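Visitor: I have a model open and a few minutes. Can you walk me through it?

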Amino acid sequence: MKTANNSDAEMMGRPNQRQEFLTYVLLIALVFAFGTFGYVLIEGWPLFDAFYMTTITLATIGYGETHELSIAGRVFTIVLIFVGVGIGTVVVGAATKLVIERQFSRIFDRRRRMAEKIDGLSGHTIFCGFSRLGGLAADELRKAGATVVVIETNSVRADEAERLGFYVVRSDATLDESLVNAGVARAARLVSLLPRDSDNLYVILMAREINPSLYIVSRAEDDIGETRLKRAGVDKLISTYRLAA
């Protein structure tokens, strides 16, 4: 039901944007028509000369008058400048707004679709952090047939994870909502490979509270970190310094 409502909103939004764009085009055309026929009626110029004068006036190029202007023609030119520049400013601002809104709409739509896919997962593995180590581990796990969801706050790493075909939650893994959005309550495993032990500890405590049966793997930088992470309920602990030694 949620998907249907979103689709209806998208279908309604596109015609509205198209109609708004056509309105702005019509305003510009009306300004040019106003200027062109104004010079034709006031000065008696040929149609092309009147259109040319309107164009250089609205563009504020300042090439000079096509023909000598009367007092009435100069007053009309002043009015045309104020009207044209005012409407032009509104149109440019609105067009910029439309472009930005469309870009944001694409981003939000992509993230919404990703969230809907993650909502349908269960028994998956959550990776907190997509560093070089996390990326290799996630790839190996996926090759073994596991479904992997990555939580990454760095946009470059998140883009890379999404490009490689992983499910991605673009957020800070130390936030409760990030784990919830990644489906930690339905997950089978969690791998926390954040750079700081304190962050890994916080993630583990939150994850264990939400899903007590979760199998948790984490890394530790020193002996103190190992002790604290074990107390927090880590099932498998990786000590990078011990491995290097």
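Guide: Start with Arg142. Arg142 is partly exposed, at 29% relative accessible area. Keep in mind that this is a predicted model.

Visitor: What does Arg142 form a salt bridge with?

Guide: With Asp139. The closest N and O atoms are 3.2 Å apart. Asp139 is partly exposed too, with a relative accessible area of 24%.

Visitor: Where do Arg142 and Asp139 lie?

Guide: Both are in helix α4, residues 132-143. They sit three residues apart, about one turn of the helix.

Visitor: Why does that spacing matter in a helix?

Guide: An α-helix has 3.6 residues a turn, so residues three or four places apart point the same way.

Visitor: How many salt bridges are there in total?

Guide: The count is 10. Another one pairs Arg196 with Asp199, again with closest N and O atoms 3.2 Å apart.

Visitor: Is Arg196 buried or exposed?

Guide: Arg196 counts as exposed, at 53% relative accessibility. The cut-off for buried is under 20%.

Visitor: Which residue does Arg208 meet in a salt bridge?

Guide: Asp235, at 3.1 Å from N to O. Arg208 is in helix α7, and Asp235 is in the loop between α8 and β6 (236-239), so the pair ties together parts 27 residues apart in sequence.

Visitor: And the burial of those two?

Guide: Arg208 counts as buried at 18% relative accessibility. Asp235 is partly exposed, with 40%.

Visitor: Which residues do shared partners join into a network?

Guide: Asp139, Glu140, Arg142 and Lys143. Salt bridges with shared partners link them into one network.

Visitor: Change of topic. What is the strand order in the sheet?

Guide: β3-β2-β1-β4-β5-β6. That makes six strands in an open sheet, with parallel pairing.

Visitor: Which strands stand at the edges?

Guide: β3 (167-169) and β6. Each has a single partner strand, so one side of each has no neighbour in the sheet.

Visitor: What does the twist average?

Guide: It averages 20° from one strand to the next.

Visitor: Which helix packs on β2 and β3?

Guide: α3 touches both of those strands. Its direction makes about 110° with that of β3.

Visitor: Where does α7 lie?

Guide: Across β1, β4 and β5. α7 runs at about 170° to β5.

Visitor: How many bridges join β1 to β4?

Guide: Four, and the two strands run parallel. β4 covers residues 189-192. Cys128 has Ser192 in β4 as its bridge partner. Thr125 stands opposite Arg189, also in β4.

Visitor: And on to β5?

Guide: β4 and β5 are parallel as well, joined by four bridges. Val191 has Val217 in β5 as its bridge partner. Arg189 stands opposite Tyr215 in β5.

Visitor: How many residues of β5 are buried?

Guide: Five of the six, so β5 is largely enclosed by the rest of the structure.

Visitor: What is Cys128 in contact with?

Guide: Leaving out neighbours within four places in sequence, its contacts include Ile151, Ala173, Leu179, Leu190 and Val203. The run Val191, Ser192, Leu193 and Leu194 is also in contact with Cys128.

Visitor: One more spot. What happens at the start of α5?

Guide: A side-chain oxygen of Asn154 comes within 3.0 Å of the backbone nitrogen of Val156. The helix α5 itself spans residues 155-163.

Visitor: Which residue follows α5?

Guide: The helix is followed by Gly165, with a positive phi near 100°.

Conventions: Residues numbered from 1 in each chain as written. Predicted model: local features only at pLDDT ≥ 70, side-chain atom pairs only at ≥ 80, totals over all residues. Heavy atoms only, no water. Contact = heavy atoms within 4.5 Å. Polar contact = N/O pair within 3.5 Å; in protein donor to acceptor, adjacent residues only side chain to side chain. Salt bridge = Lys/Arg side-chain N within 4 Å of Asp/Glu carboxyl O. Buried < 20%, exposed > 50% of the residue type's maximum accessible area, 1.4 Å probe, protein only. Pairing = 2+ DSSP bridges. Axes fitted to C-alpha atoms, helices over the stretch in contact; angles between N-to-C directions.
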